[in-house]
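Please keep the structure open while you go through the points.

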Amino acid sequence: MIQTTDSFYLGLDIGSETVHCVLIDENKKVVYSPDSLMHFGNPLEAVIEVYDDVLSIVSSDAIKAVSYTGSLARIAAEKTSCPFYFDTLSVSAGAEIIAPECEYLIHVGAKDPYFFEREKTGSNRGSFFISDHGTGTKCGGGSGILINKQVRRFFSDEIKEKLLPSDISSSDQRKQLRINRNIMQHQVEEMHLKAAETILLSDKVLNVGGAVRCHYSV
C-alpha cells in the first residue's frame, strides 16, 4: 500500500460488459489502472471487486472523490451520491490526462460512436478545447456485450471452462463469485484470441452497402 498523505481521485467506467478503473493523484498523474473486469450482468459485484483492489494500493481515507461514467454507471452514481459524467465529457477530459498532445479522439461505445477534434488555445498554446465533434448512428457496434456474444456464438463449444459449484456456505459466496467471474473472463478472452486468429485466415471480402467493411473466412 502507498504510504503517503497525498489525495487521490477514483474514476469508474461501468460499460455494458466491462468495468474500467483509474486512480489519479492531485497532479493528475495516473497512479493505478488495474486490468478491466467483465461483470457478466453483475456490475455491482465487479465494482466492489475493483474497489477492493484499489484499497490494496491506497487507503479509503486517501480517496477524496469517486466519479462514474459509462452506459450502466448512472444508477451506481445515484446510489453512492457520487457524480456521473456522460462519456462525451469523460472521454475528452480523460485525454487531457493520459494523452495531452492528442488531437483526434474516436470513441466507439455501446450507444453512439463519437469523434472529437482537439485544438490548443491561449497565448502559450498550453491548453486544449474541442473544436469539432460528431456522433454516429445508434448501431451498438462498440458494445462490449454485443462483441462478446458474437465470440461466444462461434467458439463456446470449442473453449470451455468449469465453474465452481453454487452449493457453498454464504460466507464464501463472494469469494466464489469472484473466482467464477475470473474463470468466465479468461474463457471470453481466449475466445477473442481465437476470433483474432480466425480473422487473420480470412481471404475473402464482404462488400456491404457499396463499401468494404469486413472480411469473412471460407
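1. Let us begin with a helix pair: H1 and H5 are roughly perpendicular to each other, a term that covers angles of 65 to 115 degrees, with under 35 degrees counted as roughly parallel, over 145 as roughly antiparallel and the rest as oblique. H1 spans residues 43–54, and H5 spans residues 173–200. They pack at an angle of about 95°, and their axes are 11 Å apart. Axes here are lines fitted to C-alpha atoms, for helices over the stretch in contact, and angles between N-to-C directions run from 0 to 180 degrees. On the H1 side the contact is made by Glu45, Ile48, Glu49 and Asp52, while H5 brings Arg174, Leu177, Arg178, Arg181 and Asn182; contact means heavy atoms within 4.5 Å. By class, six of these residues are charged, two are nonpolar and one is polar. Charged means Asp, Glu, Lys and Arg; nonpolar means Ala, Val, Leu, Ile, Met, Phe, Trp, Tyr, Cys and Pro; the others, Gly among them, are polar.

2. A word on what you are looking at: this is a predicted model, in which local features need pLDDT of at least 70 and side-chain atom pairs count only at pLDDT 80 or more, while totals for chains, interfaces and linings use all residues. Residues are numbered from 1 along each chain as its sequence is written, and side-chain values use heavy atoms, with hydrogens and water left out.

3. Do look at Glu49 in helix H1. Is Glu49 buried or exposed? Glu49 is buried, at a relative accessible area of 13%; buried means under 20%, exposed over 50%, and partly exposed in between, using a 1.4 Å probe and protein chains only. Setting aside neighbours within four places in sequence, Glu49 is in contact with Leu37, Arg178, Arg181 and Asn182.

4. For the whole protein chain, there are five helices and 10 strands. These are DSSP runs numbered from the N terminus, helices being H or I with at least four residues and strands being E with at least two. Of the 218 residues, 28% count as buried.

5. Which residues touch the most other members of the largest nonpolar core? Among its 19 residues, they are Leu10, Leu12, Val50, Val54 and Tyr68. Such a core is a set of buried Ala, Val, Leu, Ile, Met, Phe, Trp, Tyr and Cys residues joined through side-chain atoms within 4.5 Å. S1, S2, H1, S5 and H2 each supply at least two residues of this core. A second, separate core has seven residues, including Met38, Val151, Met191 and Ala195.

6. Apart from neighbours within four places in sequence, the contacts of Ile14 include Val19, Val47, Tyr68 and Leu72. Ile14 and Leu37 are 23 residues apart in sequence, and their C-alpha atoms are 9.6 Å apart in space.

7. Finally, please check two loop residues. Lys28, in the loop between strands S2 and S3, has a phi near 65°, a positive value in a residue other than glycine. Lys28 is exposed, with a relative accessible area of 53%. Phe40 lies in the loop between strand S4 and helix H1, and its phi, near 50°, is positive in a residue other than glycine. Phe40 is partly exposed, at 22%.
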